[in-house]
Amino acid sequence: MENLSRRRALTLGVALGLVGAAAPVPAWASAGSAAGTGALTGTGAGAAAGPGPEWIWDDAADPLMARMIDGGHVPAINRAWEKWVNNNDPIPGGLPSDFAAYLAQANRLPSWADQAKLDRAADFNRRRDTYLFMLYGLGSGIMSTVIPREAKSVYWSAGGADMQDRAAKTFTFGYDLSELGAFKPTGQFVVTANKTRVVHAAVRHLLPQSPHWKAVADESIPISAADILVTFHSLGTYVHQKLIEWRIPYPAADQEAFLHMWQVAIHLLGVPDEHIPKTWAEALAQSRQVLTPILSPSTEGVKLAENLLGLTAQIDLGVTRGFLNEFVRYVLSDQVGDWLGLRRDYAAAALVRTAWPTFILFREGLSPVMPRTFYMFDQFIRALAMLFLNRGSSGTTTPITIPTGNRPG
Ligand code: HEM
């Protein structure tokens with residue numbers, strides 16, 4: 001693995017807001033996980049017996065998907081589940097019986113899901129959508145390209161060949177997750193998460209067959225539970241920290257609800273409960289162990305980042321590419337910007353660093369001074385939101401489909 005030195009990892013962690021500058025965070029162990037029991041991760045001090053999440057994939061979905069792919073059932077499944085959208089839709093007909101049986105048992109909320117907290121999370125997502133769009137889109141989205149295992153998997157899987165489509169599918173996940181009533185019977189997120197879990201299981205079977213992925217990856221099976229937790233930290237934990245760093249009003253009940261939403265989401269993606277962090281402090285500690293030390297550039301990641309930033313350039317964001325590059329540097333650090341070769345625009349850099357905090361203060365009613373750049377930022381956010389929602393002319397989100405092969409080359 002391309003490890004950074006500990007010192008560089010710490011500096012980067014601080015820049016990303018993922019390492020608390022205050023008191024040291026205790027080493028994360030799954031005694032503090034959502035279920036509160038179970039094996040330790042194997043990385044924390046005092047780790048005990050039991051496989052760590054890096055040795056856990058998905059016992060329920062993986063063998064099933066290997067059978068579905070090898071038996072040639074995927075095109076029929078993709079057709080059959082197109083109309084399977086709402087959480088309370090019946091399992092569609094036309095599916096192989098073992099696949100239908102799997103969906104029937106997987107497609108439910110965990111017993112510990114708390115609808116009141118999920119409702120509050122939905123309300124929070126609506127109230128804070130501006131910052132969430134920015135941070136998920138330009139922060140987490142670009143951060144995924146410096147998580148080498150993720151970048152290499154995404155690049156060499158079938159979807160890597162069409163990043164616009166892939167990004168649209170990922171936005172479907174974010175949109176369904178953030179929607180009011182997402183987890184309710186009439187919402188769509190439980191289904192979307194289950195489709196994603198199945199896609200990941202398919203990728204675990206397909207990618208090891210790719211000569212390209214094999215040549216570059218330092219792993220035998222992609223997307224372990226540990227990898228999913230890393231991605232969660234690049235999304236939920238990162239956004240949580242940035243909201244605090246930016247001093248956005250963010251009461252404890254919102255923080256708890258936002259974490260709960262992510263805990264349920266990760267459960268639905270198949271991560272065992274005992275490895276899901278129970279508090280933000282534990283999430284931060286875990287993130288510090290498993291995310292910041294592994295961030296580094298890769299050939300695939302650099303290409304993906306260029307591709308993703310190119311997508312945003314296709315719509316009129318009301319800002320230049322230099323501004324976009326500098327905004328990414330602002331939210332992810334110059335270290336990441338340099339890795340990705342994001343060309344500098346020092347005028348835009350100065351603008352972002354001074355005007356963005358003023359913009360936030362004004363928007364939050366914490367300062368009466370409206371920055372001269374208000375409308376520029378406002379348009380920028382609206383355009384990003386449009387891209388995120390992918391509601392373009394069709395008015396629908398892009399359906400998630402199971403791949404049948406890898407990126408050809
Ligand atoms: C597919 C979300 C973790 C690699 C997908 C899809 C979604 C998604 C919505 C389906 C859309 C699509 O086909 O593009 C997530 C979320 C994660 C997570 C929310 C964690 C919180 C990971 C990790 C990896 C990964 C850790 C790799 C290390 C992939 C790949 C695909 C995929 C390769 C298939 C793309 C294709 O169709 O070729 N993911 N993912 N994901 N994901 Fe993830």
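This is a predicted model: local features need pLDDT of at least 70, side-chain atom pairs count only at pLDDT 80 or more; totals for chains, interfaces and linings use all residues.
Modeller: Residues are numbered from 1 along each chain as its sequence is written, and side-chain values use heavy atoms, with hydrogens and water left out.

Biologist: How many cavities of 30 Å³ or more does a search of the whole structure find?

Modeller: Rolling a probe the size of a water molecule over the atoms shows where empty space is left. A cavity is a set of points, on a 1 Å grid over the protein atoms alone, where a 1.4 Å probe fits but cannot get out. Points are joined across faces, edges and corners, and the volume is the space filled by probe spheres set on them. Here, two cavities of 30 Å³ or more are found.

Biologist: Which residues line the second largest cavity?

Modeller: Lining residues have an atom within 4 Å of a point. In this case they are Gln115, Leu118, Asp119, Ala122, Glu179, Gly181, Ala182 and Phe183. By class, four are nonpolar, two polar and two charged (Ala, Val, Leu, Ile, Met, Phe, Trp, Tyr, Cys and Pro are nonpolar; Asp, Glu, Lys and Arg charged; the others, Gly among them, polar).

Biologist: At what angle do helix 6 and helix 15 pack?

Modeller: Helices are DSSP runs of H or I with at least four residues, numbered from the N terminus. Axes are lines fitted to C-alpha atoms over the stretch in contact, with angles from 0 to 180 degrees between N-to-C directions. For helix 6 and helix 15 (residues 321-332), the angle is about 80° and the axes are 10 Å apart. The two are therefore roughly perpendicular (65 to 115 degrees; under 35 is roughly parallel, over 145 roughly antiparallel, the rest oblique). Their contact (heavy atoms within 4.5 Å) has 10 nonpolar, one polar and no charged residues.

Biologist: At roughly what angle do the axes of helix 6 and helix 11 cross?

Modeller: The axes of helix 6 (residues 129-143) and helix 11 (residues 225-245) cross at roughly 130° and come within 10 Å. Helix 6 and helix 11 are therefore oblique to each other. This contact has nine nonpolar, three polar and one charged residues.

Biologist: Where is glycine 141?

Modeller: Glycine 141 sits in helix 6. Leaving aside residues up to four places away in sequence, glycine 141 touches Tyr136 and Leu308. Its C-alpha atom is 8.5 Å from that of serine 234, 93 residues apart along the chain.

Definitions and conventions
On a 1 Å grid over the protein atoms alone, a cavity is a set of points where a 1.4 Å probe fits but cannot get out, and a pocket is an open set with protein on both sides within 12 Å along at least five of seven lines; lining residues have an atom within 4 Å of a point.
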